[in-house]
Amino acid sequence: MQTRPLFEHAPYETTFSATALEVSDLGVALDQTLFYPTGGGQPGDTGSLTMPDGTTVRVMGTLRDPLRRSVIWHQVEGSEIRFSSGMALRGDIDAARRHQHMRMHTCLHLLCSMVAAPVTGCSIGHEKGRLDFDLPEMTLDKAVITAKLNELVEAGLEVRSYRTTVAQTEAALQMSRTQGAAPPTLNGEVQMIEIVGVDVQPCGGTHVRNTREIGRVVCEKIEKKSAHNRRVSVRFA
């Protein structure tokens with residue numbers, strides 16, 4: 001059993017049809033979905049599922065099965081709701097929230113490309129986000145980061161998404177800037193995100209097609225979290 005991740009190839013789509021595969025305490029697993037599951041610092045999508053009789057159920061969150069990584073669970077509101085295997089459903093994601101995550105996630109890729117240090121943490125929200133860097137010295141400046149980020153945003157750089165072949169997987173893993181977390185591997189492949197001319201990283205999240213879509217951003221603060229940890233927080237202007 002597995003869920004086809006439609007969001008990888010159609011991150012701008014918001015409505016889809018699917019079939020329920022399994023129901024458990026984790027929620028409802030579908031044969032395919034546009035709902036992005038929590039991972040890589042990006043929150044799981046929310047939205048709704050509509051049953052054959054027209055009943056609409058709110059999806060509160062989305063996550064991958066901890067053991068069967070190819071299975072995606074949709075956490076629904078209301079324990080009284082009765083789904084069944086084989087049931088035809090329509091899914092609708094919260095499009096505005098998803099697009100905010102796509103913009104911020106792409107912005108954090110730009111930020112990552114600007115700081116020559118390993119990433120030790122990441123958090124993406126619909127209004128702001130942050131990266132933690134392994135930096136023993138305070139060498140970052142808010143004004144400089146803000147100016148450089150907006151320069152890259154306004155450059156209108158193309159953002160590409162593709163999967164590596166099995167032979168390229170090891171090389172992709174070596175490119176990861178994130179410490180302590182392996183890039184998302186599915187069926188022997190790794191999804192790559194390339195901001196043309198700026199950055200290439202393995203990443204399973206959703207992103208915009210062009211950096212100009214991010215809009216203006218501000219480096220809100222830089223914090224010293226430990227002797228080797230500097231947290232850089234950005235928000236939409």
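**Close-up views of a predicted model**

**View 1. Helix α2 and its length.** At the start of α2, the backbone nitrogen of A143 has a side-chain oxygen of D141 within 3.0 Å. The helix is followed by G156, which has a positive phi, near 65°.

**View 2. The two faces of helix α2.** I145, T146, L149, N150, L152 and V153 are the buried residues of α2. These residues lie on the same side of α2, because the arc they cover around the axis is only 160°. The exposed residues A143 and V144 are carried by the face turned away from the buried side of α2. Packing of the buried residues involves three elements: α1 (95-114), β15 (217-226) and β16 (229-236).

**View 3. E158 in the loop between α2 and β11.** Residue E158 is located in the loop that joins α2 and β11. Its relative accessible area is 39%, and E158 therefore counts as partly exposed, since that class lies between the limits of 20% and 50%. The side chains of E158 and R160 form a polar contact at 3.3 Å. Beyond its neighbours within four places in sequence, E158 is in contact with E194, I195, V196, R209 and N210. G197 is 39 residues away from E158 along the chain, and the C-alpha atoms of the two residues are separated by 8.9 Å.

**View 4. D132 in strand β10.** Strand β10 (residues 128-134) contains D132. D132 has a relative accessible area of 5% and is therefore buried, the limit for this class being under 20%. A polar contact of 3.0 Å links the side chain of D132 to the side chain of R130. When residues up to four places away in sequence are not counted, D132 touches P118, V119, T120 and G121, and also N229, R230 and R231.

**View 5. S84 in the loop between β7 and β8.** S84 is placed in the loop between β7 (72-76) and β8 (88-93). A relative accessibility of 35% is the reason why S84 counts as partly exposed. Apart from residues up to four places away in sequence, S84 touches A20 and V23. S84 and V28 are 56 residues apart in sequence, while their C-alpha atoms are 8.9 Å apart in space.

Definitions and conventions:
Residues numbered from 1 in each chain as written. Predicted model: local features only at pLDDT ≥ 70, side-chain atom pairs only at ≥ 80, totals over all residues. Heavy atoms only, no water. Buried < 20%, exposed > 50% of the residue type's maximum accessible area, 1.4 Å probe, protein only. Helix = DSSP H or I, 4+ residues; strand = E, 2+ residues; numbered from the N terminus. Arc of directions from axis to C-beta. Contact = heavy atoms within 4.5 Å. Polar contact = N/O pair within 3.5 Å; in protein donor to acceptor, adjacent residues only side chain to side chain.
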